[in-house]
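My entries follow in the order in which I made them.

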Amino acid sequence: MSTDDLELVKEGGELSDDYYIHNYVSGITYCYFYNTDESSPCSDVRVRQAIGYAIDTDYIIQVVWTGEAQATHEVGASSLQDYDPAWDTEDNYYQYDVDKAKELLAEAGYADGLDLVLNTTSGNSNLAVVLQALLAQVGIDVEIQIMDQAVANQYKESDHSCWDIGINQVGSEDFMYNAFDKAYPQDKYSWEGTAGYWVDEDLKNMISNLLSVEGHSDEALQEVHEYTVGLALMYGIANKYSNMVLKSGLIPVLSSTGQNIYYGAFYWSAE
């Protein structure tokens, strides 16, 4: 349903007496990850952190998704079962701070700026353009490189120096530990390490522990969160809102753990 059509069923709209909108957070997280190979400036954690501080998530949500998204402070959605709401108020998730970004770039030897290549697909081109504009404010000149994901993976396999930042989407409809497992796999690609070439046995073991019945705990989840945020291997931006238009009187009662509604799972209210 188009944005214009949604106006018809919003409160006060032409069809609002007969229909209403059920709004929920998508389990797909829009994020970007870094090339940590030594051939890229992003191999320096200070550069990765600087890029994080240069990102104005609220601005991105308004410009790219016209406000129809929710900021995240991880690579998983806040609707996931074991997402910790405390993460949303932490000071260490690279809150927008241009001065801090410039300071870190200077410490890394890039006081006069640097050039980076951002790789993405055509579906994320608007997000890429906004990231390009934000990074320009701290002296980072971004070249946008758009290609099919399969082609990009072949490209990245043959030449680790051909990109620096990659826009990605991580999906999980149930638990944060699955989002971690999808974001940082080290045995999925034809090259060694994660999507950004990061090789880390400690991280691999921590996530493996999270995936086990015995190892999953709030403490173990927090350990992975703090570890990956500190390394700045990837940055979660937002989860889009999904809208379902329902007939007045139909109340959704059954959803997945990712807050997605199972179609047909409703009951009728006389109100």
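Entry 1. I began with helix 8 (residues 201-210) and helix 9 (residues 218-231), whose axes come within 9 Å and cross at roughly 150 degrees. The model is a predicted one. Angles over 145 degrees count as roughly antiparallel, so helix 8 is roughly antiparallel to helix 9. I noted the crossing of these two helices as left-handed. On the helix 8 side, I listed Asp202, Leu203, Met206, Ile207, Asn209 and Leu210 as making the contact. Helix 9 contributes Ala220, Leu221, Glu223, Val224, Tyr227 and Thr228. Sorted by class, this contact has 8 nonpolar, 2 polar and 2 charged residues.

Entry 2. I then turned to helix 2 (residues 45-53) and helix 4 (residues 98-107), where the axes come within 8 Å and the crossing angle is roughly 165 degrees. Helix 2 and helix 4 are therefore roughly antiparallel, and their crossing is left-handed. From helix 2, Arg46, Val47, Gln49, Ala50 and Tyr53 take part in the contact; from helix 4, I recorded Val98, Lys100, Ala101, Leu104, Leu105 and Glu107. I counted these contact residues by class as 7 nonpolar, 1 polar and 3 charged.

Entry 3. How many cavities of 30 Å³ or more does the structure hold? I found 1. The largest cavity contains about 60 Å³ of space. Its lining consists of Phe33, Tyr34, Thr36, Ala183, Tyr184, Thr194, Ala195, Gly196, Trp198, Leu233 and Met234. I classed the lining of the largest cavity as 8 nonpolar and 3 polar residues, with no charged ones.

Key: Residues are numbered from 1 along each chain as its sequence is written. This is a predicted model: local features need pLDDT of at least 70, side-chain atom pairs count only at pLDDT 80 or more; totals for chains, interfaces and linings use all residues. Side-chain values use heavy atoms; hydrogens and water are left out. Axes are lines fitted to C-alpha atoms, for helices over the stretch in contact, and angles run from 0 to 180 degrees between N-to-C directions. Helices (H or I, at least four residues) and strands (E, at least two) are DSSP runs, numbered from the N terminus. Angles under 35 degrees count as roughly parallel, over 145 as roughly antiparallel, 65 to 115 as roughly perpendicular and the rest as oblique. A crossing is left-handed if the near helix is turned anticlockwise from the far one by less than a right angle, and right-handed if clockwise. Contact means heavy atoms within 4.5 Å. Ala, Val, Leu, Ile, Met, Phe, Trp, Tyr, Cys and Pro count as nonpolar, Asp, Glu, Lys and Arg as charged, and the others, Gly among them, as polar. On a 1 Å grid over the protein atoms alone, a cavity is a set of points where a 1.4 Å probe fits but cannot get out, and a pocket is an open set with protein on both sides within 12 Å along at least five of seven lines; lining residues have an atom within 4 Å of a point. Grid points are joined across faces, edges and corners, and a volume is the space filled by probe spheres set on the points.
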